[in-house]
Amino acid sequence: MDKAGRKLLLFISGSLMLVSSLSMGLYIHFTVDMKNNSTNLTVTANDPRTHDAHVNYLEIIPLVCIMLYILGYAFGWGPITWLLMSEILPLKARGMASGLCVMVSWITGFVLTEAFLPVVNAFNLETPFFFITIICVCCIIFTYFYVPETKGRTLEQIEFYFRTGRRSFIK
């Protein structure tokens, strides 16, 4: 993070998550039959899918998409948000604001987890993935306009930036 910069890593992370969630949504939209989808785990010995005679390489796309999404999240939006939170929050409010950020993070994760199946049942399987794609676009835009680069800056410099609003100080 100190060599590449936080903003660059957030852009790369958001872009990987965007591409993977969009690809997953498009894959589901164009290939998955909801009557016989890939979540059906009952396989019998006579099932033609169990034989290695014919391999459909399109079936590897969801695996690659999920791996890319996890990779993107793991080196960007996962850890950097916690680091930025500790850097940009003022010292006076850091304890209360950190607790509020953690609470919002857990509540959001819980709501998204609980809403997944109802959204799939009400709409389609690709709808949550397209929703995540929109969130990734919003994250990239938010990073561009509102997240300062804090690489190589002291906590005092960062706090001065937010107190005075001098945009030229931290780019």
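1. Helices here are DSSP runs of H or I with at least four residues, strands are runs of E with at least two, and both are numbered from the N terminus. This is a predicted model, in which local features need pLDDT of at least 70 and side-chain atom pairs count only at pLDDT 80 or more, while totals for chains, interfaces and linings use all residues. Residues are numbered from 1 along each chain as its sequence is written, and side-chain values use heavy atoms, leaving out hydrogens and water.

2. Ile107 is partly exposed, at 47% relative accessibility; on this scale buried means under 20% relative accessible area, exposed over 50%, and partly exposed in between (1.4 Å probe, protein chains only). Together with Leu100, Met103, Val104, Phe110 and Val111, Ile107 makes a nonpolar surface patch of about 580 Å². Patch members have over 30% relative accessible area and no salt bridge; nonpolar side chains (Val, Leu, Ile, Met, Phe, Trp, Tyr) are joined within 5 Å, like charges within 9 Å.

3. Stepping back to the fold, the protein chain has six helices and zero strands, in the order α-α-α-α-α-α from the N terminus. Among contacts with a separation of 6 or more, 72% are between residues 24 or more positions apart, a contact being heavy atoms within 4.5 Å.

4. Now the surface. Of the chain's 171 residues, 27% are buried. The accessible surface comes to about 12000 Å², and carbon and sulfur atoms hold 70% of it; areas come from the Shrake-Rupley method with a 1.4 Å probe, and for residues only the protein chains shown count as cover.

5. Do have a look at the one salt bridge in the structure, a term that asks for a side-chain nitrogen of Lys or Arg within 4 Å of a carboxyl oxygen of Asp or Glu. Its partners are Arg6 and Glu87, at 2.8 Å from N to O.

6. In the model, residues 60–85 are 92% helix and 0% strand, with end C-alpha atoms 37 Å apart. Residues 129–147 are 95% helix and 0% strand, with end C-alpha atoms 25 Å apart.
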